[in-house]
Amino acid sequence: MGNVAVIGAGMTKFGELWDKGLEDLIAEAGAKAVNDANIDGEDIQAIYGGNMSAGRFIGQEHIGALIADAIGLTPIPSTRVEAACASGGLALREAYLAVKSGTYDVVVAGGVEKMTDVYSEQVTQTLGGAGDQQWEVFNGVTFPSLYAMMARRHMHDYGTTEEQMAAVAVKNHSNGSKNPYAQFPFKVTLEQVMSSSKVAEPLKLLDCSPITDGAAVVILASEKFARKLPQEPIWIIGSAHTTDTLALHDRKSLTSIEATRLAGRQAMKQAGVTPKDIDLAEVHDCFTIAEIMAMEDLGFSKRGEGGKDVESGKFNLNSELSVNTSGGLKSCGHPVGATGIKQAVEVTWQLRGEAGKRQVDDAKVGLTHNVGGSGATAVVHIFSKEVD
Amino acid sequence: MAGIVGYGAYIPRYRIKVEEIAKVWGKDANSIKKGLNIQEKSVPAVDEDTITIATEAARNALSYAGIDPQGIGAVYVGSESHPYAVKPSAATVAEAINATPVMTAADYEFACKAGTAAIQTCMAMVDSNMVRYGLAIGADTSQGRPGDALEYTAAAGGAAYIIGKEDTIANIEATYSFTTDTPDFWRRAGQEYPRHGARFTGEPAYFKHVRSATEGLLEKGGYSLDEFDYVVFHQPNGKFPIRLAKRMGIPLEKLKVGLLTPMIGNTYSGATPLGLAAVLDIAKPGEMILATSFGSGAGSDSFAIRVTENIHKNERPVQMYASRTKYLSYGEYAKHRRKIRM
Amino acid sequence: MPHRKSLASIWRRIPQRYRGESTMCLNCGRHFFPPRHFCPYCRRKSKIAPYTISGRGKVMSYTVVHVAQEGFERQVPYVIAIVELEEGPKLTAQLCAVEPEDVRIGMPVEMSFRRISEDKDDGIIHYGYKFSPILSPKK
C-alpha cells in the first residue's frame with residue numbers, strides 16, 4: 001500500500017463568528033484547502049466530514065450532503081463522521097484509510113462545528129452527550145465535572161497541583177497569542193487562571209476550553225497523485241483509533257486515558273518513531289488536566305510527572321517538545337467537530353515551515369491527538385516531512 | 001391482634017432557627033419562641049420531598065423489622081405535601097423498597113393526621129387477613145406562607161410503620177377516632193400555601209378533637225391514664241400538647257420523649273408517627289404508650305400501644321436524626337423551599 | 001428551557017435507579033452496574049445472573065459543580081463523585097447530606113433516595129440514588 005500525503009490545508013478563524021453559519025464555515029475552509037493544494041474540485045473523489053452535533057446545535061442533520069453541497073462537490077460521496085470531540089480526528093482517520101486502501105486518490109477530510117447559535121446551557125447539555133446520558137449525565141454530570149474528577153484523582157495520587165494545571169493554560173495562551181486564527185490570541189498569567197471562577201472544582205474557567213465556531217479542512221492524496229503537484233507534501237506515517245467505555249467510572253484508571261495510551265503506542269509503532277523523535281504535538285487540551293494526562297499517556301512524561309514537566313517549561317515553544325503551538329483547544333478554541341482537523345492543519349503548516357511567529361525550529365515530525373468525551377475515543381496521527 | 005412489626009424515622013438535616021426567620025419579618029424572636037415553644041425547625045434539602053423522606057423512613061423500618069418487602073400487601077403514604085397532585089407517592093415508595101407489584105397502594109391526606117389514618121387502615125387489613133403486612137407512612141415537607149406564623153413551625157420529616165400480626169414489637173390494643181367538619185386550617189386545590197383560622201385552631205379544633213379521641217380511647221379500652229408510661233400528642237407547636245397534658249392531668253415527664261416539635265418543628269403528617277418512634281426507641285417490654293394525632297379539618301386518631309419483648313435497638317433512632325443539624329440562612333432556606341423562582 | 005426526557009427511558013431504569021438491581025457474571029464473579037447482557041471479559045462463556053447492590057461504597061474521586069447543566073441549577077454547588085461499590089463496580093452519582101469541604105477520596109458512603117431532577121414544573125420528577133456519608137451501621 002502506498003503512502004498518504006497531506007497536500008492542502010485551510011481553516012477559518014476560530015471564535016464567536018456571529019455572521020457565519022455552518023455552511024459558510026465549511027465552504028471557507030474547504031476553498032482555502034483546495035487552493036492550497038493546487039488542485040481542482042474535479043480531482044476530489046470523496047469527503048469525510050467531522051461534526052459532533054449539528055442536530056442539537058443548529059437543528060441540522062444530514063451534514064455529509066450539506067458539506068458536499070456547501071463546497072460545490074456534489075455528487076461525490078460525502079460522509080459525516082461523529083465521535084464527540086474526536087469527530088474531526090476520526091474524519092481524518094477515515095479519509096486516511098480511504099486513500100491508504102487505494103479506493104481513492106484524493107479526498108477531503110474536514111471538520112466543522114457551529115456552537116454559538118444556541119444558549120450556553122444548551123451547549124453544556126449537548127456536550128454532556130459525549131458522556132453517558134443515562135448513568136452520568138442523568139445524575140447531574142457536566143462535561144467539565146468528568147475531567148475535574150480525573151484532575152482530583154491525579155492530584156491525590158501524584159501530587160499534581162492546580163498551579164501545574166494553570167501552567168498548561170499559560171503556555172497554550174502564550175502560543176495562541178502568536179496564532180492569527182486563535183479565538184483568544186492573548187496571554188494569560190498564572191494568577192488570572194488561578195483566580196478565575198470555579199466551574200467544577202478543581203477546574204476553573206481558564207482551565208477549560210471555550211465554546212467556538214470554526215471549520216478546518218485538509219486534502220489527502222495518494223503518493224502517486226501527491227508527487228505530481230508542485231509543492232512538497234507532508235506525509236501521514238502513523239494513524240490509530242481506539243475506544244474505551246463510554247462512562248468514565250467504568251475505566252481501569254481515572255488518571256490515565258487508556259484509549260490515548262493505546263492509540264499513541266499503535267501510531268508510533270506504525271510510524272517507526274518513539275516519543276523522542278517527535279518535534280511538536282497538538283494534543284487534546286479540552287481541560288488543562290487533559291494535556292497533563294496526554295503527556296503521560298503518549299510517553300512524553302513519566303507517569304505522574306506531566307504536571308511537573310509542563311511547569312518546568314519542557315513543553316514550551318521550541319523547548320524539548322513544542323506542545324499545542326496553535327494555542328491548543330484552550331486558546332485557539334474548540335469547535336468540537338473541527339478540532340481534530342485543525343490539529344492536522346497546524347502540524348502541516350509547522351512541518352512546511354509556514355507557522356509564522358510560532359514556528360517550531362527545524363520541525364520534522366509532528367503528532368496530533370484528539371479525544372472524544374472523557375476518553376471513550378482517541379485518535380492519534382503522526383506526520384512527517386520525510387517518508388520512506 | 002395487629003401491631004407494629006417494625007418502624008423507621010427520617011428527618012432532613014437542615015434547620016432554620018426562629019431568630020433567622022423573625023429577623024426577616026421584623027418580629028421579636030423571643031416572644032415567638034416563648035409563645036410557640038419552638039427553637040428551630042427542620043428543612044428539607046433541595047432534593048428531598050415527601051416521597052424521598054417516606055422512602056428513607058420505610059427503608060429504616062424494613063431494616064428494623066428484617067422482613068422481606070415482598071410480604072407487604074399495602075402501602076399508604078399520608079401527607080399534605082405529596083409532590084404530585086395526581087400520581088401516587090405510595091407507588092414510588094413501594095417501588096423503591098421493592099414491595100411492588102402484588103400489593104395495593106394509595107396516598108392519604110388529612111392535614112396532619114394522614115399518617116395515623118394509614119396505620120388504622122393497615123391494622124384493619126392485617127386483622128381481616130387481607131394482607132400479611134401493611135406499610136403506613138406519615139411524611140411531610142410542609143410549607144408556611146412567608147411571614148405567616150406557620151413559617152416558624154412548618155417542618156419536614158416522617159416515620160414509617162410496618163403493621164402485622166407476627167413478631168410484633170408493640171401491639172396496638174385499641175384505636176379510637178373522633179372526626180367533625182371544623183374549618184381551622186386548609187389549602188385549596190392549586191394554592192401554594194395553606195390558610196388557617198388563627199386562634200380558632202385551638203379550642204374548637206385541636207383541643208376538642210385530641211381530647212375527645214383520647215378520652216374515647218380510654219373509655220373504649222377500659223384504660224386509665226395512669227396505665228400509660230408515655231403519651232404522644234400531635235404537636236403543631238411546642239405549646240398545645242403541654243397545655244392539653246396539663247388540663248388532663250398527665251405528668252409532663254410522660255410527654256417529654258415524644259415531644260419533638262420544640263427542636264424540629266411540626267412535621268405535620270410525620271409529627272405523631274415521629275413522636276411515637278422516639279418513644280419506641282427507648283421503650284421497654286410491657287410499657288404502655290398513648291398516642292393521639294390531630295388533623296385539621298378536623299379529626300384525631302388515638303392509639304393504645306403495649307410494647308412487647310420483641311422490641312430491640314433501633315440503629316437509626318429519631319434522636320440521631322434530630323441531632324444531625326446544618327443551619328441555613330433565610331436566603332438558603334428560601335432556595336431550599338423553592339420560594340425563589342428560577 | 002430544561003428539555004423533557006422521554007418517559008419510557010426514565011421508567012425502564014427504575015429497578016436500577018430506585019433499588020440498585022443489576023447483573024453479575026457467574027463465570028468470573030464480576031459484578032456490573034448498570035446491568036450488562038453479557039460479560040465483556042468472559043464473552044461467550046458469560047453466565048449472567050441478577051443481583052442487587054448493597055448500596056455501600058467509597059469515594060474514588062469527586063468534584064464540586066458550580067456551573068450546572070439544565071435542571072440542576074437550584075442544587076448548585078453540588079458534589080459529583082465516582083463511587084466504588086463494595087461489590088466492585090463503580091458508578092457516578094451526586095453526594096448528599098455532606099458539605100463539599102468535608103468530602104474526601106476514600107470516604108465510605110451509602111445509597112440514599114433523592115430527587116435527581118424534574119421536567120419543568122409540570123412534568124415528571126426523576127428519582128434515583130445519591131450517596132451520603134454512612135449514618136450508622138445498618139442490617
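Buried area is the accessible area, found with a 1.4 Å probe, that two parts lose on being put together, summed over both. The legends below apply this term to a predicted model.

**Figure 1. The interface of chain C and chain A.** Between them, chain C and chain A bury about 3,000 Å², and carbon and sulfur atoms account for 57% of this area. The contact involves 36 residues from chain C and 30 residues from chain A. Zero salt bridges are found across this interface, whereas 17 residue pairs, both at pLDDT 80 or more, are in polar contact.

**Figure 2. The side of chain C that touches chain A.** Two or more residues each come from α1 (7-11), α2 (14-19), β3 (56-65), β4 (78-85), β5 (90-95) and β7 (125-133) of chain C. The element that gives the most is β3(C), with six residues. By residue class, this side comprises 20 nonpolar, 10 polar and six charged residues.

**Figure 3. The interface of chain B and chain C.** Here 36 residues of chain B meet 29 residues of chain C in contact. The two chains bury about 2,900 Å² between them, with 48% of it on carbon and sulfur atoms. Nine salt bridges are found across the interface of chain B and chain C. A salt bridge joins Arg316(B) to Glu110(C), whose closest N and O atoms are 3.0 Å apart.

**Figure 4. The side of chain B that touches chain C.** At least two residues each are supplied by α3 (50-65), α4 (89-96) and α11 (318-322) of chain B. With eight residues, α3(B) gives the most. This side divides into 13 nonpolar, nine polar and 14 charged residues.

Note on methods: Residues are numbered from 1 along each chain as its sequence is written. Chains are lettered from A and ligands numbered from 1 in the order in which they are written. This is a predicted model: local features need pLDDT of at least 70, side-chain atom pairs count only at pLDDT 80 or more; totals for chains, interfaces and linings use all residues. Side-chain values use heavy atoms; hydrogens and water are left out. Contact means heavy atoms within 4.5 Å. A salt bridge is a side-chain nitrogen of Lys or Arg within 4 Å of a carboxyl oxygen of Asp or Glu. A polar contact is a pair of N or O atoms within 3.5 Å; within protein, one must be able to donate a hydrogen and the other to accept it, and residues adjacent in sequence count only if both atoms are side-chain atoms. Helices (H or I, at least four residues) and strands (E, at least two) are DSSP runs, numbered from the N terminus. Ala, Val, Leu, Ile, Met, Phe, Trp, Tyr, Cys and Pro count as nonpolar, Asp, Glu, Lys and Arg as charged, and the others, Gly among them, as polar.
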